[in-house]
Amino acid sequence: MSQGRLGASHHGTETLAEVDAVAPRVCVERATLSALVEEGLSIRQIAERLDRSPTSVRHWLRRYGLKTDGRRGRRPVNEAERDGPQDARATCPHHGLTLHRWFDDRGYRCLRCRSMYVANRRREIKATLVEEAGGCCAVCGYSRCLRALSFHHVDPTTKAFGIALYGSARSLARAREEARKCVLLCSNCHAEVEAGVTSV
Ligand SMILES: [Zn+2]
Ligand SMILES: [Zn+2]
């Protein structure tokens, strides 16, 4: 009985010793940290270098009375601004750190947000023109998917109706004028017309 209790307690001690061996992390040395601060790195960058959390880095900075230079930490932004007055790296609430471009009417805008906006705007313009053209393929009546519908020039010598024409608000009038010279077709009927199987 006493043997059993001894065995159990011995085993317990061993487990505790193992935990003790791995638990404490090596402290960050003052010289190491001070050198990284000198480099002008931000807390986040130092954390990455040392494979520590920013919270841990903040702890050691406080402990040694060191301070990162906030202005120098944001240096990439200033450099981007110097490269060209139009573009700069900045943080977008949707996309994180991205390239931003200056627009006179709206200020700096995230280029990824901008391209999504342009794509949406093109879709809206196309939807408007498709609606105005009857909303379905002039040959078979297909209407399910906007992407499978396109404007086909009645005069075959004129080149295809380009997506660029859906470009901007300013070009809506121009696109509308172009759409009037076209017939709305689905992809299948468009291919058949091109192949000469079907005529419009
Ligand atoms: Zn964005
Ligand atoms: Zn069709």
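Start by selecting Gly196: just after helix H9, this glycine takes a positive phi of about 80°. Helices (H or I, at least four residues) and strands (E, at least two) are DSSP runs, numbered from the N terminus.

This is a predicted model, in which local features need pLDDT of at least 70, side-chain atom pairs count only at pLDDT 80 or more, and totals for chains, interfaces and linings use all residues. Residues are numbered from 1 along each chain as its sequence is written, chains are lettered from A and ligands numbered from 1 in the order in which they are written, and side-chain values use heavy atoms, with hydrogens and water left out.

**Stop 1: H9**

Step back to residues 187–195, which form H9. Colour Cys189, His190 and Val193: these are the buried residues of the helix. Buried means under 20% relative accessible area, exposed over 50%, and partly exposed in between (1.4 Å probe, protein chains only). The three span an arc of only 105° around the axis, so they sit on the same side of H9. That arc is taken over the directions from the helix axis to the C-beta atoms. An α-helix has 3.6 residues a turn, so residues three or four places apart point the same way.

Contact means heavy atoms within 4.5 Å. Turn to the other side of H9, where Asn188, Glu194 and Ala195 are exposed.

**Stop 2: H2 and H3**

Select helix H2 (residues 30–38) and helix H3 (residues 43–50). They pack at about 135°, with axes 10 Å apart. Axes are lines fitted to C-alpha atoms, for helices over the stretch in contact, and angles run from 0 to 180 degrees between N-to-C directions. The pair is therefore oblique; angles under 35 degrees count as roughly parallel, over 145 as roughly antiparallel, 65 to 115 as roughly perpendicular and the rest as oblique.

Show side chains at the contact. From H2 come Thr32, Leu33, Leu36 and Val37; from H3, Ile46, Arg49 and Leu50.

**Stop 3: Asp51**

Move on to Asp51, in the loop between H3 and helix H4 (54–64). Its phi is near 55°, a positive value in a residue other than glycine. Most residues other than glycine have a negative phi. Is Asp51 buried or exposed? Asp51 is exposed, at 61% relative accessible area.

**Last view: the whole chain**

Zoom out. The protein chain has 9 helices and 5 strands. Buried residues make up 29% of its 200 residues.
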